[in-house]
Amino acid sequence: MVIVFALVALLVVSVLVAGNWWMWRRLFRDTTRGPGFVRRAGVVVIAGGWALTVGALVAERSGAPFWLQQVLAWPGFLWLALSMYLMLGVLAGEVVRPLLRRWLERRARAGETAPDPAPADGTPSTPLPASASAAGPISSPATGSTAVSAPATGSTAVSATGTGSTSASAPATATATGSTSASAPAPAPATATGSTSASAPATATATGSTSASATATGSTSASATASTAASATATGTAPTSPTGSASALTADPPPAPGTDPSPAPGTAPSPAPTTDPSPASPPDPTPASGPADPPRPLATPTRRLFVSRFVAGAAAAAAVGTVGYGTYGVVRGPKVKRVTVPLAKLPRAAHGYRIAVVSDIHLGPVLGRGFAQKVVDTINGTQPDLIAVVGDLVDGSVKDLGPAAAPLAQLRARHGAFFVTGNHEYFSGAEQWVDEVRRLGLRPLENARTELAHFDLAGVNDIAGESEGQGPDFAKALGDRDKARVCVLLAHQPVQIHDAVDHGVDLQLSGHTHGGQLWPGNLVAGMANPTLAGLDRYGDTQLYVSRGAGAWGPPTRVGAPSDITVIELASRQA
């Protein structure tokens, strides 16, 4: 037997160690880039929390000084609850983690394959190469348009489109803002076919593209040879937007009205301006502006780190919020729950009889005198006919917790308050507590029965008393009673219902389960008890199980709110 116990204990410890290592890995190691303060702090928090938990349990069971129990109880028991929900959060994160990573990967791939949006002005989003303007003359036939040639100095090509009927060759100087390429320092002649020649300066304006249109009056279609359409001199610094927006290109202003723009007879036309013959300046290292690069997906390590931090943060927030709200629910005090129980043999005169049932108050180093006062005030507020305290009143000795239990002397009911032991009384000195509650005005029912006006009220000791020779004795409590009368039995544990059925009990009132106290503890408690909480029926016997007013260990309840139940007996003869 000792070997089996040792093996089970070793298995439990191994599971706890493995679970906490996995929790540390997910919460601290996977959320950091390398060893450092955060990982060391995680080790301290987890190891220190469990040290406080073990210390709190040992101090309570070993009878350590009460002040030490109080110091260790709050942080130690709260860590017990918090670590449980952290582990559950990390476990849930194992399901969320791959789904989140897959979603991020799909989103990144969608960003890579998304086409560039077309510019609003309809111009191509792909710019001409920077060397296009210097690649040599290009012959461009134009129909219904005028080509204007202009000397190019470090500019991009500008195409001028005009309306008219006569071709023209005229020096035109256009200013391009934000150009990058440089063209040859020679004028580009334009050859036109038509009936009349005219020289006219042209004003060209280019907006948002490498080539721009200019309007020339008094001219018609021409076939022009230019770099692309016309070369413009670049004199600006404003960059061209990769999405199609560009700076304005402005040519020289037209001549004043009344002046002859053509050269004087006998004089040669003024030569086209040429560039400075000084050595060419080195090329601008700044790359030509172009369409924006598509967003690149996050690198795998960065994506993995983001997912780990998101999941860990969500798990921690959920655990802290759950424990915080569950603790507030306990400290606030129990709420009143009302249940009607019909009994076939109950006389009409007892119809509506109210029994306030309270169990598992668990006064101790965490829940003290203030909590006991809240319980007493709540019970008295229901104005019951009878009060039943069905075990697990305390977690400590009369010496340490006598002052905390003192408010129980204020309990008020028409037919008094009754008490039976629970398993925790036998951890804390059951005989001393029986004497103490009797002194406070409660009546202990130790395998005993009392006859009230309309029914019998019996009580049996808890099963844990068997180790001290004070276990439950149903024969002593119920053996010689009148079975024509209704019998209400107080028994701490629901598993005692089977003996109650054998002895013809009509209603058993119990506690012990806490309703599971901490979800998913209700699954374990449900397997260990015939009824977890509420009203149930076994043959001709009904069983009501209270979730209890307090909490053992962590002062926290999740999915099992504390309660004080007012049982209202109903007669079928009424």
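Residues are termed buried under 20% relative accessible area, exposed over 50% and partly exposed in between, for a 1.4 Å probe and protein chains only. The model is predicted, so local features need pLDDT of at least 70 and side-chain atom pairs pLDDT 80 or more, whereas totals for chains, interfaces and linings use all residues. Residues are numbered from 1 along each chain as its sequence is written, and side-chain values use heavy atoms, without hydrogens and water.

Helices (DSSP H or I, at least four residues) and strands (E, at least two) are numbered from the N terminus. Buried residues of α1 include Trp24 and Phe28.

Rings of Phe, Tyr and Trp (its six-membered ring) pair if their centres lie within 6.5 Å; planes under 30 degrees apart are stacked, over 60 edge-to-face, and the rest tilted. Trp21 and Trp22 form a tilted pair, at 6.2 Å centre to centre and 50° between the planes. Trp21 is partly exposed because its relative accessibility is 43%; for Trp22, likewise partly exposed, the value is 30%. Tyr353 and Phe455 form an edge-to-face pair, at 5.2 Å and 85°. Tyr353 lies in strand β11 (residues 353–358) and Phe455 in strand β16, so the pair ties together parts 102 residues apart in sequence. Both Tyr353 and Phe455 are buried.

Strands pair if DSSP finds at least two bridges between them. β15 and β16 (residues 455–459) pair in the antiparallel sense over four bridges.
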